[in-house]
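Biologist: Before I rely on any of the terms used for this protein, I would like to hear what stands behind each of them.

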Amino acid sequence: MKVYISVDMEGVSGVVHNEHTSERGFDYQLARRLMMGETNAAAEGAFAAGATSVLVSDSHGGNGARNLIISDLHPDADLVTGFPRPLGQLAGLDESYAVLLLVGYHTRSNAAGVINHTVHGRAINKLTIGGREMGEIGINALLAGQAGVPVGLVTGDDLTCQEGLDLLPGIETAAVKRAVDRYAAQCLAPKRAQDLVRAASERAVRRAPSLKPFAPGHPAVWEVQYKDTGMAEVANQVPGTTMHAPDAIRFDASDAVTGFRTFSAALAIAAGTLR
Ligand SMILES: [Zn+2]
């Protein structure tokens, strides 16, 4: 049984600020070790539940998705690191995987929660897919769903776990911190956070055969509202997109992967205006 573990950084216990998540941040080296600890805990849980292979994705955009410290990686796991790459936080995921675990995730933009954002905090204000606001949990659930892979676990702050449960009722969660404000949280000590993640991962992987892939249906309309009108105007250069509002584009996607590719191409152009 193959298990895919996608690991972001904002939802790891102890991480609450850009000084943790940016490679130039004062606390970045500590944050990547904390991220590594929850990653290995999730891998241990997966192997304890019968996983035969575990692929870990370094899914945090900071430092070009080279945050995890491979010399400390669980010896039986593989690691996808580096960016850009197809499928973003799920690079390499395909039909052969039994379950997807989302570790260290965060709430979507326009919602409360520690360092809430959707994919690019300085570029995207709101993403709506098929009439429903989505963050990274939603995007990844859709992409995995197209491959027939269910999400089994979401970990992060308490609000992130709730966002996961709202979208994917019945999944396992592990709240490793309680959101106090966008840049503040009550955090579990790393050892206890890792114990929670390990146990939840084990439960999720044991339940994998009975979990259902997320498949709300495509074709669907994707709408992307950016932080300013200039970003929307250049994003609209991607063929197939139309202006939806002065600061937003929309497009029809035949399936989740196609939608994500259009979304990613438009975002790359939009984010280019920040330079
Ligand atoms: Zn991140």
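Biologist: How far apart do the C-alpha centres of domain 1 and domain 2 lie?

Modeller: The C-alpha centres of domain 1 and domain 2 are 26 Å apart. This is a predicted model, in which local features need pLDDT of at least 70 and side-chain atom pairs count only at pLDDT 80 or more, while totals for chains, interfaces and linings use all residues. Residues are numbered from 1 along each chain as its sequence is written. Domain 1 comprises 2–119 + 135–210 and domain 2 comprises 220–272, with bounds that come from an automatic or database domain assignment.

Biologist: How many residues does the contact take from domain 1 and from domain 2?

Modeller: The contact takes 7 residues from domain 1 and 6 residues from domain 2, where two residues are in contact if their C-beta atoms, placed from the backbone, lie within 7 Å.

Biologist: What makes β3 and β9 the edges of the sheet?

Modeller: The open sheet of 7 strands has the order β3-β2-β1-β4-β7-β8-β9, with mixed pairing. Since two strands pair if DSSP finds at least two bridges between them, and β3 (77–80) and β9 (184–187) each have a single partner strand, one side of each is left without a neighbour in the sheet. Strands here are DSSP runs of E with at least two residues, and helices are runs of H or I with at least four, numbered from the N terminus.

Biologist: Why is α3 called oblique to α7?

Modeller: The axes of α3 and helix α7 (residues 256–272) come within 8 Å and cross at roughly 135°; axes are lines fitted to C-alpha atoms, for helices over the stretch in contact, and angles run from 0 to 180 degrees between N-to-C directions. Angles under 35 degrees count as roughly parallel, over 145 as roughly antiparallel, 65 to 115 as roughly perpendicular and the rest as oblique, and therefore α3 is oblique to α7.

Biologist: Which residues of α3 and α7 meet?

Modeller: From α3, I139, L142, L143, G145 and Q146 meet A256, V257 and F260 of α7.

Biologist: Which residues in helix α4 are buried?

Modeller: In α4 (residues 158–167), L159, T160, C161, E163, G164 and L167 are buried, a term that requires 20 or more other C-beta atoms within 10 Å of a residue's own. These buried residues pack against β4, α3, β7 and β8 (172–181).

Notes:
Buried ≥ 20, exposed ≤ 12 C-beta atoms within 10 Å, placed from the backbone.
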